[in-house]
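Hi,

Here is the structure I promised to pass on. Have a look at it first, and my notes on its aromatic rings follow below.

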Amino acid sequence: METPVLEGRGVRLEPLTLDNLPELEAVAFDPAIWRYMASPMRSHEDFLAWAQLALDAQASGTGMPWVTVQKGRDDQPDRVVGATRFIDLDLRNRTVEIGNTWLGEAARGTRINAEAKLLQLTYAFETLDLLRVALKTHAANQRSVSAIKGIGAIYEGTFRNHYIMPDGSSRDSAWFSIIRKDWPEVKDHLTRRLNAPI
């Protein structure tokens, strides 16, 4: 299954390809992005390995990787500001995880992530007809925990010692989900949030 382009008012999610890797790499090396991630990102080789895993999952039908593009206004050009993906896509059981989401510093704290999540969730529930979308994060990453709760996801529990981090420490992962019955309320919440005055 091909990864589609998902387009909103201010954000466009484009399939990750070899062509857009240079633009993405230009914003990928902020240490704050990777502090809580299980994959290291310290070199060009790390970046290529990260991208190859995403492209391999896409080829196997279990993933859909996107680059996050902030659409330009007036005389401002479009710009790549980060990435996100579907992980463990399971069409038989109608589930997926949204993860490996990150944004460059200038895009954090804006409406970009909320709009990207609205695009992904709409595609998951209304096009793929999924029953469950999961999200997880390092339990110590309070910014990410707050962002996930802020879109309306429900906390389900914590997997203790879930991953070994690049520095050798153990990561506990906090899991959240949105299921089909939650979707109308979540969609309304995100839509109102994006339509509110800045």
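**Aromatic pairs**

Phe159 is partly exposed, at 43% relative accessible area (partly exposed sits between buried, under 20%, and exposed, over 50%, with a 1.4 Å probe and protein chains only). Trp175 comes out as buried, with 15%.

Before going on: this is a predicted model, where local features need pLDDT of at least 70, side-chain atom pairs count only at pLDDT 80 or more, and totals for chains, interfaces and linings use all residues. Residues are numbered from 1 along each chain as its sequence is written, and side-chain values use heavy atoms, leaving out hydrogens and water.

How many aromatic pairs does the structure hold? There are ten, counting rings of Phe, Tyr and Trp (its six-membered ring) with centres within 6.5 Å; planes under 30 degrees apart are stacked, over 60 edge-to-face and the rest tilted.

One of them is edge-to-face because the planes of Trp66 and Phe86 stand at 90°, with the ring centres 4.9 Å apart. Trp66 is in strand β3 (residues 64–70) and Phe86 in strand β4 (residues 79–90), so this pair ties together parts 20 residues apart in sequence. Strands here are DSSP runs (E, at least two residues), numbered from the N terminus. Trp66 is buried at 1% relative accessibility, and Phe86 is buried at 1%.

Back to Phe159 and Trp175: their ring centres are 5.2 Å apart and their planes at 45°, so that pair is tilted. Phe159 belongs to strand β7 (residues 154–164) and Trp175 to strand β8 (residues 170–179), so parts 16 residues apart in sequence are tied together.

Finally, Phe29, Trp34, Phe47, Trp50 and Trp102 make up one aromatic cluster.

Cheers

Definitions and conventions:
Helix = DSSP H or I, 4+ residues; strand = E, 2+ residues; numbered from the N terminus.
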